[in-house]
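I opened the file today to look up the sheet, the aromatic rings and the ligand site. My notes are below.

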Amino acid sequence: MIWDIEHETMPRADLQRLQQQRLQAQVATVLEKVPFYRQAFQEKGLTPAAVHSLSDLAQLPFTTKEDIRDNYPLGLAAVPPRQTVRLHASSGTTGKAKVVPYTVGDIDLWSEVMARTLAATGVTEDDVVHNAYGYGLFTGGLGFHQGAERIGATVIPMSGGQTKRQIIFLQDLGSTVLCCTPSYALYLAEVAEEMGIDLRATQLKIGIFGAEPWSHRMREEIQSKIGLKAYDIYGLSEIIGPGVSVECEHQDGLHIFEDHFLPEVVEPETGESLPYGERGELVLTTLTKEAMPVIRYRTGDVTSLNPETCACGRTLVRMEKTSGRTDDMLIVRGINVFPSQIESVLLQVKGVEPHYQIVVDRQHTLDDLEVWIEVSEEIFTDEIGRLEALQQELRTELHNVLGISARVKLVEPRSIQRSEGKAKRVIDRREVYG
Ligand code: DLL
């Protein structure tokens, strides 16, 4: 279903006109209210009049994660604290938290884009939404909550944790929609199985999974274990939270709500804009944010854009399912390796579970890549010869996909830590030695 026909199916020429007007207004606001942007524009010799058309966007300065951290906690805010009604924060793996303020208007915008998001996956007021994204500083819980309420669905604000209780409720409360990270969805399936409960027999029909990269094969795995249709949702705190883009029923890319978030793809090294279709780093500019508008934010996420009208009727550009982050991308012996590539291999090989961890180390001067992979219960109790054959098969498959050799360590079922939120897939020990 399309929640906002006017904006989601607008002819692209009209949409671009709207984006341009909004961009001009957003630039004027940051230049008036945020000293950081005044300085960044001055350094490039730019005035507010620099933005005549959307093509001028490419000259504007970027905003990075470091800029948000350097201005911790609220140095990039464009409104005084009394107009702020909520703060969220995302921690990341290192350094200070990125704190994000919201006005009443921002919360309204967020509810609206989340209503569009849920509607795109088929959620209506008749649905019961089991929301297992974490409530709190993380934007997942409250973001989904607001969107589901706006649609008029029934929300169960589960948050993360209490996995057995989640499963009982999934069964007893007639939930039709499951919202959580893809790794937690798999964990729910695993615990349900241990409890002797078949989630495929519940009312669940839609799953909305995101907040971390996951492959198409992982989608198939989740769909077959839980018995629902799994949709990808993308977003980030610095822009709004979840609600930047989502798949529609055709699942051929994620529609970006472009009337609010203006996307570009740039070459990660040079920052040069790339044409539609080419893969690079996603850069987003907010068009209607009040408390913390951001200009050309370097998301670090790798994708490409497709502007063709979708079979669903939406004219909104589609981003390819992200293959990972520029900073998650491991460079091992000079070769780029994405955790998602490893995941797709695991999901292809019989006898292993998609629970894995990647350990990169440095032996003398050479990078060493080791993948810890859980074997299935059945294989684990089998004879040694079968384990060795499996290990060899994985080594060969990983080499085929990655182009470099990796050591494979098979570990016991359930020995890799499960996550209630985002899974931690990579341990890079090279940083420790410098
Ligand atoms: O993860 C917001 C969110 C919540 C999105 C619930 C979807 C569902 P942050 O904690 O700020 O916000 O993390 C944002 O997570 O830059 C991506 O690297 C990654 N990410 C989010 N969604 C996806 C996805 C939320 N569908 C960062 N696929 C982003 C791949 C994703 N990566």
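These entries go from the sheet to the rings and then to the ligand. I kept in mind throughout that this is a predicted model.

**Entry 1, sheet.** I looked up the strand order first. I found an open sheet of 9 strands, ordered S4-S3-S5-S6-S7-S8-S9-S14-S13, and its pairing is mixed. At the edges I noted strand S4 (154–156) and strand S13 (305–306), each of which pairs on one side only.

I then checked how S7 and S8 are joined. Strand S7 covers residues 229–236 and strand S8 covers residues 241–247; the two run antiparallel, with 4 bridges between them. Within this pair I located Ile233, which stands opposite Val246 in S8.

I searched the whole structure and got 5 aromatic pairs. I wrote down two of them.

For Phe36 and Tyr37, the ring centres are 4.9 Å apart and the planes meet at 75 degrees; edge-to-face needs over 60 degrees, so I logged the pair as edge-to-face. Phe36 and Tyr37 are both buried.

Tyr102 and Trp110 make a stacked pair, with 5.0 Å from centre to centre and 15 degrees between the planes. I checked burial here too: Tyr102 is buried, as is Trp110.

Which residue lies over the face of Tyr102? I found Lys289 there, 5.8 Å from the ring centre. I also noted Arg298, whose charged end sits over the ring of Phe62 at 4.6 Å from its centre.

I counted the surroundings of the ligand and got 22 residues. The closest are Asp232, Ile233, Ser237, Asp301 and Lys422.

The side chain of Asp232 has an N or O atom 2.8 Å from a nitrogen atom of the ligand. For Ser237, a side-chain N or O atom is 2.5 Å from an oxygen atom of the ligand. Arg325 places a polar side-chain atom 2.9 Å from a ligand oxygen atom.

I looked up the ligand area next. The ligand exposes 610 Å² when taken alone, and the protein buries 93% of that. Two or more residues of the shell come from each of helix H6 (139–151) and S7. Which element gives the most to the shell? I recorded S7, with 5 residues.

Conventions: Residues are numbered from 1 along each chain as its sequence is written. This is a predicted model: local features need pLDDT of at least 70, side-chain atom pairs count only at pLDDT 80 or more; totals for chains, interfaces and linings use all residues. Side-chain values use heavy atoms; hydrogens and water are left out. Two strands pair if DSSP finds at least two bridges between them. Rings of Phe, Tyr and Trp (its six-membered ring) pair if their centres lie within 6.5 Å; planes under 30 degrees apart count as stacked, over 60 as edge-to-face and the rest as tilted. Buried means under 20% relative accessible area, exposed over 50%, partly exposed in between (1.4 Å probe, protein chains only). A charge sits over a ring if NZ of Lys or CZ of Arg is within 6 Å of the ring centre and within 35 degrees of the ring normal. A residue is near a molecule or strand if one of its heavy atoms lies within 4 Å of it. A polar contact is a pair of N or O atoms within 3.5 Å; within protein, one must be able to donate a hydrogen and the other to accept it, and residues adjacent in sequence count only if both atoms are side-chain atoms. Accessible areas come from the Shrake-Rupley method with a 1.4 Å probe; for residues, only the protein chains shown count as cover.
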